[in-house]
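Open the model in your viewer and keep the sequence panel beside it. This tour tells you what to select at each stop and what is there.

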Amino acid sequence: MTPIADFKPEDWVEPKEYKRKIQEHIDSFLKSEHETLNALPSTTTKANMGINGEMKKTAHLYVSDTLFSVEVMGKFETQYNDSRKGQVFLKADNITSRIASSSHGEWEQTSNDASLIDNGRKYRIQIEGIYHLNGLSIEKAFTIEFSCDPFGGIH
C-alpha cells in the first residue's frame with residue numbers, strides 16, 4: 001500500500017469510481033471462483049468414517065487463485081422415526097474442520113452452525129474460518145451437508 005503522503009493528485013478517484021473498481025475486482029474473483037469450483041467433479045467428497053468413529057467429508061474451497069481442501073468431521077447419532085419409516089438424525093457433536101493434508105496453508109475454524117433439514121434426514125453445517133497462506137489471512141465460509149439414509153447410514 002502506498003502511504004497517503006506519497007499519493008499524487010492523479011492517484012485520487014471519486015468515491016463512485018472507487019466503488020466501481022472494487023465491484024469489478026469482486027465480480028472477477030467470484031467468476032474465477034465459480035469457474036474453478038464448477039470444473040471439479042464435486043465440491044465435496046462422500047462421507048467416510050474416521051478412526052475415532054467420526055464421520056468426515058472434504059470440501060474444496062477457492063481463495064485468491066488457490067484451491068484447497070478442508071476436512072469437516074463430526075459425531076452423529078440417529079434414531080428410528082415412525083413417520084419417516086427409518087432413521088433420522090438425533091444430534092451432531094464435535095463439529096470440527098482442518099485443512100486436508102494435501103493442501104497448502106493453514107485453516108483455523110472460527111465457528112460452525114448445524115441445522116437439521118429435510119425432516120431430520122440432513123444436517124446442513126455452515127463452517128466459518130480463516131485460511132492462512134504466505135502471510136495472508138482470508139476469512140472464508142462454506143456450507144456442507146451430511147445425510148442419513150433410512151437405515152442409519154451417513155453420507
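Select Asn-81 and Gly-86. Asn-81 stands opposite Gly-86, which belongs to β4. Bear in mind from this stop on that the model is predicted.

β3 covers residues 66-81, and β4 covers residues 86-99. The two run antiparallel, joined by 11 bridges. Together they form a hairpin with 4 residues between the strands.

Now pick Lys-85. Where is Lys-85 placed? Look in the loop between β3 and β4. Its backbone is worth a check: Lys-85 has a positive phi of about 55 degrees, although it is not a glycine. Most residues other than glycine have a negative phi. Is Lys-85 buried or exposed? Lys-85 counts as exposed because its relative accessibility is 63%, and the cut-off for exposed is over 50%.

Ser-69 is buried because its relative accessible area is 12%, and buried means under 20%. Show the side chains here. The side chain of Ser-69 makes a polar contact with the side chain of His-60, at 2.9 Å.

Which residues does Ser-69 touch, leaving out those up to four places away in sequence? Select Thr-58, Ala-59 and His-60, then Arg-98, Ile-99, Ala-100 and Ser-103.

Widen the view to β2, residues 55-63. Strands β2 and β3 pair over 9 bridges, in the antiparallel sense. For one of these positions, select Lys-56: its bridge partner in β3 is Met-73.

Next, color the whole sheet. This open sheet has 4 strands, in the order β1-β2-β3-β4, and the pairing is antiparallel. Its edge strands are β1 (48-49) and β4, each pairing on one side only.

**Along the helix**

Select residues 15-38 to highlight α1, then pick Gln-23 within that helix. Gln-23 counts as partly exposed because its relative accessibility is 38%; that value falls between the 20% and 50% cut-offs.

Draw a distance from Gln-23 to Thr-58. Their C-alpha atoms are separated by 31 Å, and the two residues are 35 apart along the chain.

**The three-strand sheet**

Move on to β5, β6 and β7. These strands form an open sheet of 3 strands in the order β5-β6-β7, with antiparallel pairing. Each of the edge strands, β5 and β7 (136-147), has a single partner strand, so one side of each is left without a neighbour in the sheet. Direction ignored, neighbouring strands of this sheet are turned by 15 degrees against each other on average.

How many bridges join β6 to β7? There are 12, and the two strands run antiparallel.

Now select Asp-118. Asp-118 is found in the loop between β5 (106-117) and β6 (122-133). Asp-118 has a positive phi of about 55 degrees and is not a glycine. Is Asp-118 buried, partly exposed or exposed? Asp-118 counts as partly exposed because its relative accessibility is 44%.

**Zoom out**

Show the whole chain as a cartoon. The protein chain has 1 helix and 7 strands. Trace the elements from the N terminus: they run α-β-β-β-β-β-β-β.

Along its principal axes the trace spans about 70 × 30 × 30 Å. The radius of gyration is 21 Å, whereas a compact globule of 155 residues would have a value near 15 Å.

Finish with the contacts. Take those between residues at least 6 apart in sequence: 44% of them join residues at least 24 apart.

Notes: Residues are numbered from 1 along each chain as its sequence is written. This is a predicted model: local features need pLDDT of at least 70, side-chain atom pairs count only at pLDDT 80 or more; totals for chains, interfaces and linings use all residues. Side-chain values use heavy atoms; hydrogens and water are left out. Buried means under 20% relative accessible area, exposed over 50%, partly exposed in between (1.4 Å probe, protein chains only). A polar contact is a pair of N or O atoms within 3.5 Å; within protein, one must be able to donate a hydrogen and the other to accept it, and residues adjacent in sequence count only if both atoms are side-chain atoms. Contact means heavy atoms within 4.5 Å. Two strands pair if DSSP finds at least two bridges between them. The radius of gyration is taken over C-alpha atoms; the globule rule is 2.2 Å times the number of residues to the power 0.38. Axes are lines fitted to C-alpha atoms, for helices over the stretch in contact, and angles run from 0 to 180 degrees between N-to-C directions.
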